[in-house]
Amino acid sequence: MTRRIATTVVAGLATAALLGTGTANASIISKDGLRIGAYQNSLRSSTEPGAAETLQQFDALSHDQQVKYLDYTEDPDNLKALLEEAADAPAPGTTVHQLVNLKGGDVQIETDSDAKFTPDPDAGDAVAAGGKLSKGWWETTYTVKQKIFGVTVTKFSLWVDYYTNGSKITKVDHADCAKRNFNAAVSISHSVPKASLYGGEANGEVIWEGSIIYRGFGVEIDKRHHVTANAYGFKSGYLKNV
């Protein structure tokens with residue numbers, strides 16, 4: 001109880017000191033507090049996957065970082081970067097393909113891939129001795145994220161599911177996509193994902209339709225999101241203007 005009272009007194013003294021500097025500072029404190037509270041409430045009430053994790057990460061930031069975080073979500077340069085400067089085709093065989101740092105590293109655009117193999121029950125491991133493939137299903141994903149202070153604010157994922165018979169891809173089942181967007185200034189929708197088998201490779205593709213609206217600033221950009229995979233998993237991917 002004593003510690004709680006002491007903490008309350010310190011907080012009260014700090015607030016009084018700031019308020020004593022003038023009504024302008026009082027206004028700023030109130031405005032920032034309202035912005036932070038509104039963003040926290042939006043995450044608490046969100047049914048979008050990842051909202052609870054984003055709220056936890058946002059709460060872990062300092063007050064100054066939370067204010068800058070919200071400023072960055074409304075910064076036209078960062079908003080345009082999300083839709084205009086995301087990665088082109090990366091080099092295959094790596095996990096993180098590209099990391100674009102903005103605002104001194106506070107804001108990042110990151111691209112990565114993942115490939116999961118589920119062998120047939122009688123197939124054994126994904127790759128047997130001598131490099132021969134096992135029979136089974138792959139799910140291969142290419143993802144683009146925008147992070148602010150390490151918190152994932154917006155995320156695009158596209159994946160394609162396909163089957164290998166032990167030597168080559170024989171069937172592409174489907175492609176699908178998902179997004180995470182906790183930026184009120186950005187509205188995102190998408191077309192129906194498409195899958196294809198071409199040249200012995202599995203392909204997945206979707207068009208993201210993005211709109212940015214902030215204080216009279218507006219832009220709409222369609223992005224083609226593509227992933228290509230071979231019988232060993234991820235090969236390449238990109239997110240670029242249509």
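Select Glu-201 and Lys-235: they form a salt bridge, with the closest N and O atoms 2.4 Å apart. Glu-201 sits in strand β8 (residues 201–214) and Lys-235 in strand β10 (residues 233–241), so this pair ties together parts that are 34 residues apart in sequence. Keep in mind that you are looking at a predicted model.

Now compare the two ends of the bridge. Is Glu-201 buried or exposed? Glu-201 is buried, because its relative accessible area is 19% and the cut-off for buried is under 20%. Lys-235 is partly exposed, with a relative accessible area of 32%.

**Next stop: a network**

Select Asp-32, Arg-35, Asp-71 and Glu-74. Salt bridges that share partners join these four residues into one network. Zoom in on Arg-35 and Asp-32. Their salt bridge has its closest N and O atoms 3.8 Å apart. Why are they separated by about one helical turn? Both belong to helix α2 (residues 23–45), and they are separated by about one helical turn because they are 3 residues apart in that helix. Asp-32 counts as buried, at 14% relative accessibility.

**Next stop: strand to strand**

Select Lys-147 and Glu-110. Their side chains meet in a salt bridge, 3.6 Å from N to O. This pair links distant parts of the chain: Lys-147 is in strand β3 (residues 135–148), Glu-110 is in strand β2 (residues 107–119), and they are 37 residues apart. Check the accessibility of each partner. Lys-147 counts as buried at 16%. Glu-110 counts as buried too, at 13%. How many salt bridges are there by this rule? The count comes to 11.

**Next stop: His-226**

Select His-226 in strand β9 (residues 217–230). This residue is buried, with a relative accessible area of 13%. Which side chain does His-226 join through a polar contact of 2.8 Å? The partner is Glu-205. Now show the surroundings of His-226. Leaving out residues up to four places away in sequence, His-226 touches Tyr-142, Leu-158, Asn-203, Gly-204, Glu-205, Ser-236, Gly-237 and Tyr-238.

**Next stop: the nonpolar core**

In soluble globular proteins, nonpolar side chains tend to be buried together. Here, the largest nonpolar core has 45 residues. Select Tyr-39, Tyr-69, Tyr-162 and Trp-208, the residues with the most contacts inside this core. Then colour strand β4 (residues 151–165), which gives the most to the core, with 6 residues.

Stay with Tyr-69. What does Tyr-69 touch, not counting residues up to four places away in sequence? The list is Tyr-39, Thr-54, Phe-58, Leu-61, Ile-148, Phe-149, Val-151 and Val-153.

**Last stop: the largest pocket**

Rolling a probe the size of a water molecule over the atoms shows where empty space is left. The largest pocket has a volume of about 210 Å³. Its lining has 13 residues. Select Tyr-39, Ser-42, Leu-70, Thr-73 and Ala-184, which lie nearest the centre of the pocket. You have met Tyr-39 already, in the largest nonpolar core.

Finally, colour helices α2 and α4 (63–73). Each supplies at least two residues of the pocket lining. Which of the elements gives the most to that lining? The answer is α2, with 5 residues.

Note on methods:
Residues numbered from 1 in each chain as written. Predicted model: local features only at pLDDT ≥ 70, side-chain atom pairs only at ≥ 80, totals over all residues. Heavy atoms only, no water. Core = buried A, V, L, I, M, F, W, Y, C linked by side-chain atoms within 4.5 Å. Buried < 20%, exposed > 50% of the residue type's maximum accessible area, 1.4 Å probe, protein only. Helix = DSSP H or I, 4+ residues; strand = E, 2+ residues; numbered from the N terminus. Contact = heavy atoms within 4.5 Å. Polar contact = N/O pair within 3.5 Å; in protein donor to acceptor, adjacent residues only side chain to side chain. 1 Å grid on protein atoms, 1.4 Å probe; cavity = no way out; pocket = protein on both sides within 12 Å on 5 of 7 lines; lining within 4 Å. Points joined across faces, edges and corners; volume = space filled by probe spheres on them.
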